[in-house]
Amino acid sequence: MSAPAMIGRDADLARLNERLDEVRAGAPFTVIIGGEAGIGKTRLLREFEAGLPSDVRLLVGQCVDLGSVASPYSPVKGALRTLVAEEGADRVLDAVGPGRAALVALLPELAASDPLTAAPTAPPAAGAATSQLHEAIAVLLETFSREHPIVFVIEDLHWIDAASLTLLRFLMRALGSSRVLTVLSYRTEDVTRGHPVRAFLSEAERDRWVERRELSRLTRGQVRKLARSLIVDEAVSEQVLATVFRRSDGVPFFVEELVGIDGCRDEGEVPDTLRELLLARYERLSESAQELLRLVSIGGVCVSHSLLAAVYRGSADELDAAARESVLGGVLTIDGQDYAFRHALVREAILADLLPGERARFHARYAEAHEAAAASDLK
Ligand SMILES: Nc1ncnc2c1ncn2[C@@H]1O[C@H](COP(=O)(O)OP(=O)(O)O)[C@@H](O)[C@H]1O
Ligand SMILES: [Mg+2]
């Protein structure tokens with residue numbers, strides 16, 4: 001479903017690699033990639049990551065769209081868990097120095113390896129704990145970057161929680177001589193006036209160790225190339241290619257969607273609006289698959305199978321059948337134990353389509369499932 005080759009981002013990719021070379025020589029740097037939804041931020045990062053030399057350590061954190069309930073530090077935890085998995089809890093705790101209690105509080109799985117904190121102690125005051133944690137994470141990145149340069153990616157900053165954003169601010173000052181290339185991405189149209197990331201970006205702009213890049217829309221020629229690589233039919237007409245260019249506005253995700261639904265073959269069938277385009281695959285599915293997707297959309301871009309099973313009202317077989325149909329229909333993808341929308345834009349279109357009553361009921365089921373999970377954790 002996605003194009004085998006990335007088109008038209010050579011300069012961006014080259015820039016990231018140049019910055020990595022500079023970082024390798026001994027100074028940290030931050031690259032911030034902005035662009036509209038579907039323009040190819042994730043794709044660019046995946047290609048960069050896939051081409052990293054083997055001595056570079058990659059730590060990736062993903063911000064998720066959970067509104068105000070976004071749990072503190074979740075993207076940071078994601079990134080640090082990779083480090084713990086690769087180095088082992090003992091080495092991580094040894095490296096971290098005085099901030100170990102703060103780090104163990106963030107990643108409770110470290111406690112088992114830590115004789116000092118295994119016994120419960122009174123937690124430090126909130127402010128002190130925060131600065132200890134910031135310090136601890138800076139020390140970790142700095143220490144491990146002496147062995148291997150680190151590429152530290154945080155994707156989709158427009159959804160970042162306040163605690164992680166404060167940490168990023170701190171890291172941009174604190175990583176003085178470490179070999180860390182921080183790469184951040186954000187969706188331009190979501191960082192509106194008053195969004196906390198807006199202030200972060202303007203501060204970052206003044207820093208000479210920060211570079212901001214905007215991914216532009218593809219040109220007519222690039223869209224042609226992309227569409228051709230997606231259309232199996234060799235004899236695709238010029239008219240179809242022209243339609244794809246016009247309707248996609250040069251956004252790669254829309255090119256994929258237009259080519260993927262056979263509407264692009266016939267001018268008459270091309271969805272009129274963006275919303276229709278985003279819902280085209282969804283609307284071809286059975287009612288039970290659509291209902292499942294509406295339920296998933298309330299849970300987020302990505303929902304684990306176990307959570308979904310807890311909020312779903314039908315049988316396990318029905319759930320599997322509806323999920324399978326959604327995957328085959330190109331709306332959901334499977335990511336380990338999770339179901340994820342193929343793109344956040346599709347989730348947002350489905351979410352916007354929910355009836356108010358349905359929305360309230362689904363929300364209530366997720367709330368119940370979260371409560372039940374929390375209660376069983378406490379037992
Ligand atoms: N330059 C490109 N060449 C080919 N395919 C692309 C390109 N940019 C994006 N895509 C494809 O378009 C879709 C949306 O891209 P994605 O990286 O998810 O966008 P974003 O992260 O900016 O929302 C993906 O399936 C991706 O593989
Ligand atoms: Mg993305």
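This is a predicted model: local features need pLDDT of at least 70, side-chain atom pairs count only at pLDDT 80 or more; totals for chains, interfaces and linings use all residues.
Start with ligand 1. There are 19 residues around it, and Ile7, Lys41, Thr42, Arg43 and Glu256 come nearest. By class, the shell around ligand 1 has nine nonpolar, five polar and five charged residues. Domain 1 (10–214) and domain 2 (220–270) each give the shell at least three residues. As for helices, α2 (41–50) and α12 (252–260) each supply at least two.

Now the polar contacts to the backbone. A nitrogen atom of ligand 1 sits 2.7 Å from a polar backbone atom of Ile7. On the oxygen side, a backbone N or O atom of Lys41 is 2.8 Å from an oxygen atom of ligand 1, and for Gly40 the corresponding distance is 3.0 Å. Of the 550 Å² of accessible area that ligand 1 has on its own, the protein covers 90%.

On to the salt bridges. The structure holds 30. Take Arg15 and Glu211, with their closest N and O atoms 3.0 Å apart. Arg15 is in helix α1 (residues 10–24) and Glu211 in strand β5 (residues 210–214), so this pair ties together parts 196 residues apart in sequence. Arg15 is partly exposed at 25% relative accessible area, while Glu211 counts as buried at 12%.

Arg275 lies in helix α13 (residues 274–283) and Asp353 in the loop between α17 (344–352) and α18 (356–378), 78 residues apart. Arg275 is partly exposed at 42%, and Asp353 is partly exposed at 28%.

Definitions and conventions. Residues are numbered from 1 along each chain as its sequence is written. Chains are lettered from A and ligands numbered from 1 in the order in which they are written. Side-chain values use heavy atoms; hydrogens and water are left out. A residue is near a molecule or strand if one of its heavy atoms lies within 4 Å of it. A polar contact is a pair of N or O atoms within 3.5 Å; within protein, one must be able to donate a hydrogen and the other to accept it, and residues adjacent in sequence count only if both atoms are side-chain atoms. Accessible areas come from the Shrake-Rupley method with a 1.4 Å probe; for residues, only the protein chains shown count as cover. Helices (H or I, at least four residues) and strands (E, at least two) are DSSP runs, numbered from the N terminus. Ala, Val, Leu, Ile, Met, Phe, Trp, Tyr, Cys and Pro count as nonpolar, Asp, Glu, Lys and Arg as charged, and the others, Gly among them, as polar. Domain bounds come from an automatic or database domain assignment. A salt bridge is a side-chain nitrogen of Lys or Arg within 4 Å of a carboxyl oxygen of Asp or Glu. Buried means under 20% relative accessible area, exposed over 50%, partly exposed in between (1.4 Å probe, protein chains only).
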